[in-house]
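Q: Hi, could you walk me through this model? I'd like to go contact by contact.

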Amino acid sequence: MRLLKYLLPGVMLLGFVAQAQSPTYGVGRAPTAAEIEAWDIAIAPTGEELPDGSGTADLGAQLFLEKGCAGCHGTNGTNGIAPRLVKNDVGEVDNAWRYGRVLPIRSPYATTVWDYINRGMPLGAEGSLLADEVYSLTAYLLYLNDVITDDQLVLDQNSLPKIQMPNRDNWAQVPDWFPGQPRLEGYPY
Amino acid sequence: MGPKKQNRREFLKQGAAIAGGAAVGAASQSASAQLPGPEGFLHGRDDIVAYGQRSRFIESKRIPHGGRHSPDTFGLDFHIATPLQDQHGVITPSSLFYMGTTRGSYIPDIDPEKHRLMIHGLVDNPLVFTMEELKRLPSVTRMHFVECAGNRSNRRHTTVQETHGMTSNAEWTGVLLSTLLKEAGVKEGADWIVAEGVEEVKGASSIPMTKAMDDTLLAYSMNGEPVRPQQGFPLRMLAPGFEGIFNVKWLRRIKVVDQYYMTYNDYGHLTQDPATAALGYQIGPKSVIVHPSGGQTLPGAGYYQVSGLAWSGGGKVARVEVTTDGGETWFDAEIRGEPQAMAHTLFAFEWEWDGSPCELQSRCIDEIGQVQPSRAEVAEFWNQPADQPPRVRGQDNSIQPWRIESDGSIHNAIA
C-alpha cells in the first residue's frame, strides 16, 4: 500500500511517458552480478549483506595495534587524536545514551560498527581490511565497551546482527515523510 | 548644446593636428583628473582569458566552522562557512559555497569519464550509468539551498558567517532521481534508498522513497559549470530541504532497500527524542538579515536598505516579516524576485535609522504555514524552565536578532 502512495503522484508527474512503456529511455546498462557484489558494501541492520568470515575480540586486540588503529585512537581507544572508541566512564547508568557519542556503545546495531570499520577505516587505507579482520575489530570494540564479555566469542554473519546493543530499541525513528508536510505534527514552527 | 559640442570637437581636432596622440592624451587627462580612476590596467593573460578571476580588492572568504579547523591535522576538510555578509543576491558563488563532510574528508579526485552511478537492490532492472548517459536523460534546472544541521547561532558568534554561514544556494541542473528509479523499476516494499559517495569514508545516507520519488535531484551542473569537487563532482544528490548530510556528494551508488539502514551518517543524527528527530530532518522556515549584520558598523543615522535571506525545507517562502524594535511591531518585507521551492529567497525593506539603539529581526513564513519562531516561543512551546537559556530542538531555525547600538555597531543579540 505504501508503494501506491508515492507511485501514483509519480506517474502523474511523468504523464503518459511512464504509462506507455517501461523502461522508457533505454539509457545505461545492466551491471553484472559480480559488479553489484563488488560495489555493494551497504549492511542492513538485519545483516543480510554481511560476508563470510569471522573474528573474535581476542584477535581484534592484536589487530588494533597491527593495523594502526591505536596510532590515532590511542592504545586503549580513549587517548588518541581520533574519536574516542570506549564509553565514557560514568559508572552504571540505566540509559546507554549517557555513555556519550561513541559508536560501538551508542549505535543500536552492531552492523553499523562493522559497516563503518569496513567502509571507512583505517584512515588512508580504507577498504584494505579483510572481512575476518573487520569481524575481529568489531568484536574488540564491543568487548571494550562491555557489550560482549567473552573475548573468544565468534562474530560472523549470523551472530553479529544478533548482538543486543543497549540502545537497540532506545532511539527515535524519523517520521514518515511526504511532500508538503510540516516538520512535526502540532508544531507551528 | 550643439554649438558647444561642435567647439569642443574642433578644439580636439586642432590639438590632434598640432601634437598628434600626445595632445589627445593630455586633453583627456585634464578632463578626467578630478574623477576617481582605476588603480591601473591589467594586461590580458592567457589563464584569465580562459577562466576569470575576481578583483584583487575583493577578499571575501570562507572560514572553518564549529571549532575544528579545516584542513585538520590529517588534512581533512570538515565544516567550512560561507561569507553571507558579502553576498547580495541569492546565488552563492561556487567557490564560496559552504562545505560539510561526514567525519572530515579528503576531496576525491574523480575523472568523470571513469565515474559510474549504479542503481540496484529492489529494482527490476539494475542499471549503471556513465556521466554522459546521465546527461542524455531529461534534465531539470532548479535553485536549491543546502544547509548543515550544525547551522546554529550561539552567543559566541559575532558575524552572520558564524551564525548562519553553513547554508548556501545554487542553481543545479541534473536528472530527477525518480526518472532513474522508474527506469530501473522499483519493486514493492522498497520504502528506502541508501545513497553512497566515493569519498574515503564512502558516506551513505538512508532516504525515504517518498523523497527519492518526489524532487530528489542528481546534479552534474552547479551555477553554470560542472559541480565543484568540494560539492561532489561529478555527481551530487540533492534532497531539497533535507539536512545537508542527505545531499550525498561524489554519488556513486543508490541501493533500493526495504528498511532504514542505520548507516554511519544515519547514526550520526540519531537522537532519543522523537520530536528532535522529526525537527532534525526537514529544514524549518528560517531567515536572517544579512545587510546589515553582526560585526558591521553603520556609519550614521539615515537611509539604509535592509536585506536578507529566507528559506524553508517545507517549500517556497510565502512571506517575510521584519521588526526594527526587537519584535514589538512586525511588518512585511518586500520579496525580491520569485520565491522558489527550497531555495534562498531575497527580502528587503527601506529603513531610516534615527541613530538610537534598536534591534533588527526577520521571520519567515513558508507556503505550508510554518512560522519561524523566536527562541522564547520555542522555549514556551516546550515548557522549558524560564531560568535557563532557550534550547531549540532539532535543526535550529530560530529568529536571529541583531542589536544596533547608538554608535552604529551591530551585535549578535541571541538569548
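Q: How many residue pairs are in polar contact across the interface of domain 1 of chain B and domain 2 of chain B?
A: In this predicted model, the rule finds 14 residue pairs in polar contact there, both residues at pLDDT 80 or more. A polar contact is a pair of N or O atoms within 3.5 Å; within protein, one must be able to donate a hydrogen and the other to accept it, and residues adjacent in sequence count only if both atoms are side-chain atoms.

Q: Which elements supply the domain 1 side?
A: Strand 6 (140–147), helix 5 (160–164) and strand 7 (167–176) of chain B each supply at least two residues of the side of domain 1 that touches domain 2. Strand 6 of chain B gives the most, with four residues. Helices (H or I, at least four residues) and strands (E, at least two) are DSSP runs, numbered from the N terminus.

Q: How much area do they bury between them?
A: About 1,800 Å², with 52% of it on carbon and sulfur atoms. Buried area here is the accessible area (1.4 Å probe) that two parts lose on being put together, summed over both. On the domain 1 side, Phe145(B), Arg152(B) and His164(B) supply 30% of the area buried against domain 2 of chain B, more than any other three residues.

Q: How many salt bridges between those domains?
A: The count is one. Lys286(B) pairs with Glu147(B), and their closest N and O atoms are 2.7 Å apart. A salt bridge is a side-chain nitrogen of Lys or Arg within 4 Å of a carboxyl oxygen of Asp or Glu.

Q: Switching to the chains: how many residues does the contact take from chain A and from chain B?
A: It takes 65 residues from chain A and 73 residues from chain B, where contact means heavy atoms within 4.5 Å. The two chains bury about 6,400 Å² between them, 64% of it on carbon and sulfur atoms. Trp39(A), Trp177(A) and Arg183(A) supply 15% of the area that chain A buries against chain B, more than any other three residues.

Q: What about charges and polar pairs between chain A and chain B: how many of each?
A: There are five salt bridges between chain A and chain B. One of them joins Glu49(A) and Lys255(B), with the closest N and O atoms 2.6 Å apart.

Q: Staying in chain A, what does Asp115(A) pair with?
A: Asp115(A) forms a salt bridge with Arg119(A), the closest N and O atoms being 2.9 Å apart. Because they are four residues apart in helix 7 of chain A, the two are separated by about one helical turn.

Q: Where are the cis peptide bonds you have on your list?
A: One joins Met121(A) and Pro122(A), with omega about -10 degrees. Pro122(A) is in the loop between helix 7 and helix 8 (131–144) of chain A. Another runs from His291(B) to Pro292(B), with omega near 0 degrees. Pro292(B) lies in the loop between strand 14 (286–291) and strand 15 (302–311) of chain B.

Q: Last one: how were the numbering and cut-offs set?
A: Residues are numbered from 1 along each chain as its sequence is written, and chains are lettered from A and ligands numbered from 1 in the order in which they are written. Local features need pLDDT of at least 70, side-chain atom pairs count only at pLDDT 80 or more, and totals for chains, interfaces and linings use all residues, while side-chain values use heavy atoms, with hydrogens and water left out.
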